Amino acid sequence: MPKGLVVIDKERCKGCGLCVSVCPFGVLTITRELNRFGYNVAGVSAPEKCTGCAMCAQMCPDAAIEVYREAKVKEGV
Amino acid sequence: MSTVEAKAPAGFAPVYTRPKSLSAARFTYCPGCHHGIITRLLAEAIDELGIVERTVGIAPVGCAVFLYEFFRCDFVQAAHGRACAVATGIKRANPDLIVFSYQGDGDLAAIGTAETVHAANRGENITVIFVNNQIYGMTGGEMAPTTLPGMRTVTTPEGRDVRTTGYPLRMSEMLAQLEGPAYITRQAVFDVRHVQMARKAIIKAFQNQIEGKGFSLVEIVAACPTNLRLSPPEAGRWVAEQALKYFPLGDLKVRE
Amino acid sequence: MRVLMRGNEAMAEGAIRAGCRCYFCYPITPQGELVEYMARHLPRHGGVFLQAESEVAAINMVYGAAAAGVRTMTSSSSPGISLKMEGISYLAGARLPAVIVNVMRAGPGLGNIAPAQGDYFQATKGGGHGDYRLIVLAPSTVQEAAELVMLAFDLSDRYRVPAMILADGMLGQMMEPVELPEPIPPEKIPPRPWAVSGAKGRPPNVISSFDLDPYRFREILRALWDTYREIEEKEVRWEEYATEDAELVLVAYGTMGRICRTVVRRARKEGLRVGLFRPISLWPFPSEPLRKLAERVPVLLTVELSAGQMWEDVRLAVEGRAKTPFYGELGGVVPTPDEVLREVKKHVHS
């Protein structure tokens, strides 16, 4: 399974926890880090487990999450 | 406003990136509010159909009153409850525009009932996004027409008493009886599966308008964590376990 | 080419010739013929005629069509206009041009369908919430009714301020020969870069009357009131008839203004030097010319089909320079010229 990558826009995040609650692989957590609006922002705690399924992004009420997957390097190209 | 540029990090391909038709503005909804998910799905639908340059949104009065700040398309602010009439005026004036109204349960099913029923009955070729979170959120948590029996709100401190305030109003069922509407569906966004279904429904509702099929309404049974006094994940479960009892999901009318 | 037309129909035709292409309405007497005329004729000009489920819906459809940049109008009568007040306040706040015709009837409440002028305050003092004004024009003949509707569209567009025609049941129902003005060619209708037409090649347009920040909202309202001041300077309209040597001047508008013209002629026959001052723009009210008149005319008798509303503006303008008695009729009763003449004779002696 190619590795996934979650990018969270900390200033948009309101620490609601929905992404954490739907991530099937426990990749995310609500950190102790505060953004300038005083919210504890979500963060990636287990990046190696991320498959890039993007369920977190689809659940985010602030469109704060973007998800990428390792581009498969085509052999012999 | 810091935003993550949609450039894929080296060696990675995007799976999900922020919808293009959203502006840079931060959403003003409370943490975990389903309005935010629905607003994002709306932008995804507009992106998917490539219609941002010919879409006009109608912003309601309620928690989504700032909707016009979140989008890159033209917007008109309607008086509370009047969005379907404003949408009618715009669509009749310029039928080439894709016109949608976005309204809460107080806006659409209380003060705006007549405007909604008659726009539907005329089969007005517009798309209505109806966010049913069973409360007046913006004004501090009052009872809405869709508040569940026994539910505490600031205007039903002892819980909604059906003997004096009636029962939750099922607008979609009411509207589905009419000849005018082409598509009436009730969706939810409390988990990813339902988010995906709601997304398809919104796209279909816009597609109907593009094809001139007439009035389409997507009701979304949503959670207001703040007034439910529940964490966002718990509020979603509350919708699934409680609200859906009164507001069963599914298509109520589909005219192909 | 002169045509015999009913007041209501002349206003409808005036709107069509002004380029009105969206008309939203709701049935109410005594403006029924305006609705019927639009139903028959507007679609033939490629316009939209839509009967709404209520006056509230109709004015909000006007709001939508105006936001989309189309010349649009609604018409109603007193109780219906009350229902439109919220929408009119929103039009004013969102700087949307639109024309609202009020064919007044007797009130308050259900009242009756007889002509009256009891909506003057509602029209000129901002009948809805908030600090706003409407351009208010009052015709007294069928000819003027058609012309003022066209003028209303022009002024409303130029200043982005909604305009109201204040007619009444008599004027709406009566028939008179009319020389219909030439239709305005579409290219003469000013462009609307601010309208919602699809954000293509430009930033999004937002039509709104909403701003949570009081300081920003104050700036928006200051700009609005600057426009109102400009309208007050440039758009005052009135008519004076036989006031040069008058010892008493009747101040009356609309149907009452028309009846008072007859009173002036009869008084003059009896050697009474009586004149007429007829406001045509009720907002902006012709205070200046009225004040000048009060400097040389001892008595200004206001006559209205109401308990006295324009009368207050007359007194404000005159400020004690002349006596300002009042004669009004209620309930839809329209006084005859002789009844008004009897009132005049209480204040002047031959």
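Tutor: Two notes before we start: residues are numbered from 1 along each chain as its sequence is written, while chains are lettered from A and ligands numbered from 1 in the order in which they are written. In this predicted model local features need pLDDT of at least 70, side-chain atom pairs count only at pLDDT 80 or more, and totals for chains, interfaces and linings use all residues, with side-chain values taken on heavy atoms, without hydrogens and water.

Student: Happy to begin! What makes C:Gln31 count as buried?

Tutor: Buried means under 20% relative accessible area, exposed over 50%, and partly exposed in between (1.4 Å probe, protein chains only). C:Gln31 has 0% relative accessibility, so C:Gln31 counts as buried. This residue lies in the loop between strand 2 and helix 2 (32-41) of chain C.

Student: Which residues does C:Gln31 touch, not counting those up to four places away in sequence?

Tutor: Contact means heavy atoms within 4.5 Å. By that rule C:Gln31 touches C:Asn8, C:Tyr23, C:Tyr26, C:Ser75, C:Ser76, C:Ser77 and C:Val103.

Student: And what lies 3.1 Å from a polar atom of the side chain of C:Gln31?

Tutor: The backbone oxygen of C:Ile28 does. A polar contact is a pair of N or O atoms within 3.5 Å; within protein, one must be able to donate a hydrogen and the other to accept it, and residues adjacent in sequence count only if both atoms are side-chain atoms. That loop also holds C:Pro30, which is joined to C:Thr29 by a cis peptide bond with omega about 5°.

Student: Where is the cis peptide bond with omega of about 0°?

Tutor: That one joins C:Trp283 and C:Pro284. C:Pro284 sits in the loop between strand 13 and helix 11 (287-294) of chain C.

Student: Why are strand 3 and strand 13 of chain C said to stand at the edges?

Tutor: Helices (H or I, at least four residues) and strands (E, at least two) are DSSP runs, numbered from the N terminus, and two strands pair if DSSP finds at least two bridges between them. Strand 3 (48-51) and strand 13 (281-283) of chain C each have a single partner strand, so one side of each is left without a neighbour in the sheet. The open sheet has seven strands in the order 3-2-4-5-7-6-13 of chain C, with mixed pairing.

Student: How do you know that strand 2 and strand 3 of chain C are joined?

Tutor: Four bridges join strand 2 (residues 22-25) to strand 3 of chain C, and the two run parallel. Within strand 3 of chain C, C:Gln51 stands opposite C:Cys25.

Student: What makes the pair of B:Phe66 and C:Phe210 tilted?

Tutor: Rings of Phe, Tyr and Trp (its six-membered ring) pair if their centres lie within 6.5 Å; planes under 30 degrees apart count as stacked, over 60 as edge-to-face and the rest as tilted. Here the centres are 5.4 Å apart with 55° between the planes, giving a tilted aromatic pair. B:Phe66 lies in the loop between strand 2 and strand 3 of chain B and C:Phe210 in the loop between strand 9 and helix 9 (214-234) of chain C, so the pair joins two chains.

Student: Last one: why is B:Arg229 called exposed?

Tutor: B:Arg229 has a relative accessible area of 67%, so B:Arg229 is exposed. Its phi is near 55°, a positive value in a residue other than glycine.
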